[in-house]
Amino acid sequence: MSTILKIFVFPAALVIMCLGVLTILGGHITPGGGFQGGAMIAAALIFCLIIYGLKDSPFHLSHDFLSAVESVGALIFVLLGIAGLAFSGFYLYNLGVDIYHIVPATIQNLFDYPDPTHAGIIPYLNFAVGLKVMVGLTAVVIAFMGFKEYEEESEESEDLNEEEVE
Amino acid sequence: MIVYLGPTALGLLLGFVLGTRIKDVPESGLKFGASVYILFLIVAVIVSYAQGPFPYYTGTPFASGLIATAVGIILGKLVFGRGNTPQKMEE
Amino acid sequence: MSEGIKKLIMGFSLFTFAVAIFQSTYQFKQIIYPGISYLYNYVGPKIAPNMVTVVIFDWRGYDTLGEALILVTAVITVLLVFGRGKVQLGGK
């Protein structure tokens, strides 16, 4: 890849990531939301991966990080649902705006989003879904580009171990 | 000039998570010094003024979520920034 | 099973399915019960301005949970198929 691309891509990827986060944050007012914003952030990460290659990319995404962030995103979604089940009778009940008025006022103020619209738990669900999508798409692209380049060091050590065993 | 807590806090959190992953690879020819991040901050401020109050909040004339994310990325790099690639096997 | 019995069973099930579909599309308007959605169309814009996001995450939040589960399953399947024998990416 030419030098102009290598100079330009890193700041451009940072700005694209900021725009993706903005799309996630305004999900309950403007068109957008968790899935779309997560795809934008993944596009910025994949941009860096393609231009610089898998080893020299400035965003270092190890396997532990990818699996941890995806699990955290899914867990936040599920645990918000269980919180709705515990405090009222319904799974994924919107505790910030309770339509049926069955939740005491302290819990409603706890789960409310501090915002002029007071949308309840909807922005937190957007955040969790955004985390999941961003990490999932990047993991698939890394799998396609091949884990093999990271494996050269451990392949050498495996060959040494096999020689010792034999 | 009210800055709402919700978008700012979530933007800081997400930027921090993204910023912890920036590392420097010393063996390739690339080096991103401090000037790149200052330029990124200036561009982020310009873009936030161009966006206006992003999802129709009426507090401030700039998009507070974008500036919070930029600050979060830089904070994440400063706190958890990595030196070398951690895949070098120590022998 | 011989060929004749297979063809008989196939024809019978196709006939039943076709009758069911045509019957339901012929009287489709009486089958839909519009009752509960009128309530949510009144309450929904008070929660947040974007009605699409409100319906996805509040009225049909359970389906979005299923969508998130599909994303996890797809990523796991791709990593399983394309990462065979190469599990140790940066784990050490």
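I call two residues in contact if their C-beta atoms, placed from the backbone, lie within 7 Å.

**Ground rules.** I'm working on a predicted model, where local features need pLDDT of at least 70, side-chain atom pairs count only at pLDDT 80 or more, and totals for chains, interfaces and linings use all residues. Residues run from 1 along each chain as its sequence is written, while chains are lettered from A and ligands numbered from 1 in the order in which they are written.

**Chain A.** I looked up the contacts with a separation of 6 or more, and 59% of them in chain A join residues 24 or more positions apart. Of 166 residues, 43% are buried (20 or more other C-beta atoms within 10 Å of the residue's own, C-beta atoms placed from the backbone).

**H5(A).** With 18 of its 24 residues buried, H5(A) is largely enclosed by the rest of the structure. A:Gly146 follows H5(A), and its phi is positive, near 100°.

**Chain B side.** I see 28 residues of chain A in contact with 35 of chain B. On the chain A side, helices H1 (3–25), H5 (122–145) and H6 (152–165) each give two or more residues. H1(A) has the largest share, ten residues. I sorted that side into 20 nonpolar, four polar and four charged (nonpolar: Ala, Val, Leu, Ile, Met, Phe, Trp, Tyr, Cys, Pro; charged: Asp, Glu, Lys, Arg; polar: the others, Gly among them).

Technical notes
Helices (H or I, at least four residues) and strands (E, at least two) are DSSP runs, numbered from the N terminus. A residue is buried if 20 or more other C-beta atoms lie within 10 Å of its own, exposed if 12 or fewer, and partly exposed in between; C-beta atoms are placed from the backbone.
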